[in-house]
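Work through the exercises below with the model open beside you. Try each task before you read its solution.

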Amino acid sequence: MKVLVAGAGLGGLCLAHGLLRAGVDVRVHEREDGPDSRYQGFRIALNAHGLSALHACLPERLHALLAAVSGPLAGERLVVDQRLREVRRLGVADEGTAVDRHVLRQLLLAGLGDRVEFGKPVTGYTERADGTVEAHLGDGGGAVGDLLVGADGVGSAVRRQLLPGARVVTLPGGAVLGRTPLTERFAALVPGFGTVVQGTGARGTRVSMLLGRMEFRRPPRLAAAELAPDVRLPDTGSYLRWVVMPAEPLPAGTRNWEAVRADLLDLLDGWHPDLVDLVHRADVVNSAPLSARYAEPVPHWAGSRRVTLLGDAIHTMPPSGGQGANSALRDAALLARTLTAVQRGRAELPDAVGRYERRMLEYGFAAVADSVRRLPDFTPAR
């Protein structure tokens, strides 16, 4: 059996590892020019589903490295005002571990070699009369396999063809995501699981600021050199991840970071100096505007059993529930188990894919609904 994967994000790469462990021929086609060609995002929280999926799919030799380059994620969730005075507590959380998205992606690329082809986006597909599927690639070429998995994110070309009526809603407003190198001063802003700052900015605008700590147990590059010398991880230092969400959107359009930061500093004028300095000292390369989106539920589709979807390509969700990456990894592990049964002759491909889809749609859109429900806990009132 040969499986084609559109997209080398966390879900697609996790699936590739799971399939390789089962002896399945898998090829991943990614639209980016290389693994470092764009900003990769921020600290994410891995819950039990995400960790279990990674342990099920990754080679065992990488498990110790995964643990070494993750970080603590537990404790009280605080809500404070713009002067850092406590307003209320949201309760203690202990939901797994913190990982940096870029570091995790680099770890997931380890061992896949030329099975991942960069600069070759999947732009569409054709289901062929012989029961196979051909993926059309952006360079004019194609690839043929027994199954095509759309793991190509919220703008998925595979989803657009498979489910042309599926809708993704962009939430009103906007946000700015940033990260700042971790110091003792900034670490004190997040004494537990996370901190929500709720205050008033310039001109009376309501503003929320979400703070989370990414403190690596060991520096990623050094940990890889000792635990898995063939793996190359970035020299990423510990940092504090922050998201600023004003009730009134900041100026729209393509703008450089200096202009965005200037707007933020103006908005946060009069806030506690630690919060202002957090923005002022942000890492320019890893800070950017952010929009939140969610997918509307879709019923299980009839017809194709040679094309399926996982992760944000089908059930994208806002970050308020902390479930986006975890759901994609959960999809990957479930689909890997499903296809392993096919590879070993215990199931037929069309029926197996259908069972995967029904289960994935159930928990995936439950996670979307939960994330949307939690939005008011983090966003400013309008």
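**Exercise 1.** Which backbone oxygen lies 2.6 Å from a polar atom of the side chain of H17?

*Solution.* Start with the ground rules. This is a predicted model, where local features need pLDDT of at least 70 and side-chain atom pairs count only at pLDDT 80 or more, while totals for chains, interfaces and linings use all residues. Residues are numbered from 1 along each chain as its sequence is written, and side-chain values use heavy atoms, with hydrogens and water left out.

Step 1: Find H17 in helix 1, residues 10-21. Helices here are DSSP runs of H or I with at least four residues, strands are runs of E with at least two, and both are numbered from the N terminus.

Step 2: Look around the side chain of H17. The oxygen belongs to L108.

Step 3: List the wider surroundings. Leaving aside neighbours within four places in sequence, H17 is in contact (heavy atoms within 4.5 Å) with C57, L58, P59, L108, A110 and L112.

**Exercise 2.** Decide whether H17 is buried or exposed.

*Solution.* Step 1: Take the cut-offs. Buried means under 20% relative accessible area, exposed over 50%, and partly exposed in between, using a 1.4 Å probe and protein chains only.

Step 2: Compare. H17 has a relative accessible area of 4%, so H17 is buried.

**Exercise 3.** Describe how helix 1 and helix 4 pack.

*Solution.* Step 1: Read the geometry. Helix 1 and helix 4 (residues 101-109) pack at an angle of about 25 degrees, with axes 9 Å apart. Axes are lines fitted to C-alpha atoms, for helices over the stretch in contact, and angles run from 0 to 180 degrees between N-to-C directions.

Step 2: Classify. Angles under 35 degrees count as roughly parallel, over 145 as roughly antiparallel, 65 to 115 as roughly perpendicular and the rest as oblique. The two helices, helix 1 and helix 4, are therefore roughly parallel.

Step 3: Name the contact residues. Helix 1 supplies L10, L13, C14 and H17; helix 4 supplies R101, L104, R105, L108 and L109.

**Exercise 4.** How are helix 11 and helix 12 packed?

*Solution.* Step 1: Helix 11 (residues 324-343) and helix 12 (residues 349-374) pack at about 165 degrees, with axes 10 Å apart.

Step 2: That angle makes helix 11 roughly antiparallel to helix 12.

Step 3: Check the residues that meet. Among them are S327, R330 and D331 in helix 11, and L349, A352 and V353 in helix 12.

Notes:
A polar contact is a pair of N or O atoms within 3.5 Å; within protein, one must be able to donate a hydrogen and the other to accept it, and residues adjacent in sequence count only if both atoms are side-chain atoms.
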